[in-house]
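Hi everyone, thanks for coming.

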Amino acid sequence: MSQGVGVVGLYVRDQDEAVEFYGKLGFRVHTDARNGDYRWLTVQHPEQPSFQLGLFAPSPPTVDAATAQTLRELVAKGAMPPLVFLVDDCRASYEQMRARGVEFTQEPIDRYGNVDASFRDPSGNGWKMIEARKDPK
Amino acid sequence: MTTGNGNTQGRAPVGQDPELLRRLLRAKDRMDAASHEEWPVQRLARVSCVSAAHFARSFKEAFGVPPHRYLLTRRIERATALLRDTDRPILDIALQTGWNSLGTFGRVFRDITGESPSELRARQKAATHALDWVPACFVSAAHRPDLTIAVSEKRRQEVSVQNAPTQTGSIKTEEVP
């Protein structure tokens, strides 16, 4: 058992839509458990087995209806915190993901040896996709 | 709607439609991606699939600033980064970030940041950067001018306090969110 972060969740407007979207990035469903209206849904990247990305819907009973509405607005406005997705080859991933219908907001740009691009999930969560500079060790 | 929680029933949520906000965000993203281009309201409204009048009103409600002013902050942010990170002539930077003349660029730049492009360049080059470990794109956003008032209003305020300069209406350029 190693210590550290196990699950970090995103708010999404529609969990079915989200799981399909994150599938385009290579994530697979880890846990999909329902209890009434509540659905605990996490996905996992095949190269990162110790971490799960939660795809949660802001809705009652977890939060009240007015709070849920506020959270949906914040997500749709792109006001949620930055997210970073690491890849080996930013340009190749960009082409591949774009062909799958991912909405890119910035094409790959070279910055000081790193290459980065930006995309959003259907809900509005913004990701920076980064190919880190390979430091010769 | 879930059952068993009477408190949430019958209270119509106020605010903006998330579906509309998502489309407004798309227009904002398009300005971010090409802030050097012209973005008349009609063009932005088309991206968001709404009327021009509806767009202008909804955008300001959603993001706190009118679309044109948002565009200005992005242009200044980009110009600031180019001044800091390159040795390109200021005229080139002005044209590259969407201005048609050096005069307009210099005036708006000073109105917003409080210093001229060349002053900012000299100061930034002299400063050491503690933000080296933050991804470049986020550093850039941290230096985005927080333009809470119109440029013309800022100009008026500065004229009126010329004899007793204060911090009133100053633009925070170094704020990290």
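Before we start, one definition: when I say that two residues are in contact, I mean that their C-beta atoms, placed from the backbone, lie within 7 Å. Please also keep in mind that this is a predicted model.

Let's begin where the two chains meet. How many residues does the contact take from chain A and from chain B? Chain A puts in 24 residues, and chain B puts in 21 residues. On the chain A side, the elements that give two or more residues are helix H2 (65-76), strand S6 (103-111) and strand S8 (126-131). Of these, H2(A) gives the most, with 7 residues. If we sort that side of chain A by class, we find 9 nonpolar, 6 polar and 9 charged residues.

Staying with chain A, let's turn to a sheet. Here we have an open sheet of 4 strands, in the order S1-S4-S3-S2, and the pairing is mixed. Why is one side of S1(A) and of S2(A) left without a neighbour in the sheet? Strand S1 (7-11) and strand S2 (28-35) of chain A stand at the edges and have a single partner strand each, so one side of each has no neighbour there. From one strand to the next, the twist averages 25°. You can follow one of the pairings in detail: S1(A) runs in the parallel sense with strand S4 (residues 52-56) of chain A, over 5 bridges. In that pair, A:Val7 stands opposite A:Gln52 in S4(A).

Now over to chain B, which is divided into domain 1 (17-64) and domain 2 (68-177). Between them, 8 residues of domain 1 are in contact with 8 residues of domain 2. On the domain 1 side, the largest share, 3 residues, comes from helix H1 (residues 18-33) of chain B. That side of domain 1 divides into 3 nonpolar, 2 polar and 3 charged residues.

H1(B) also meets another helix, H3 (residues 52-63) of chain B. Their axes come within 10 Å and cross at roughly 90°, which means that H1(B) is roughly perpendicular to H3(B). Who makes this contact? From H1(B) we have B:Leu20, B:Leu21, B:Leu24 and B:Lys28, and from H3(B) we have B:Ser58, B:Phe59, B:Ala62 and B:Phe63. By class, the residues of this helix contact are 6 nonpolar, 1 polar and 1 charged.

That's my tour, and I'm happy to go back to any part of it.

Definitions and conventions: Residues are numbered from 1 along each chain as its sequence is written. Chains are lettered from A and ligands numbered from 1 in the order in which they are written. This is a predicted model: local features need pLDDT of at least 70, side-chain atom pairs count only at pLDDT 80 or more; totals for chains, interfaces and linings use all residues. Domain bounds come from an automatic or database domain assignment. Ala, Val, Leu, Ile, Met, Phe, Trp, Tyr, Cys and Pro count as nonpolar, Asp, Glu, Lys and Arg as charged, and the others, Gly among them, as polar. Two strands pair if DSSP finds at least two bridges between them. Axes are lines fitted to C-alpha atoms, for helices over the stretch in contact, and angles run from 0 to 180 degrees between N-to-C directions. Angles under 35 degrees count as roughly parallel, over 145 as roughly antiparallel, 65 to 115 as roughly perpendicular and the rest as oblique.
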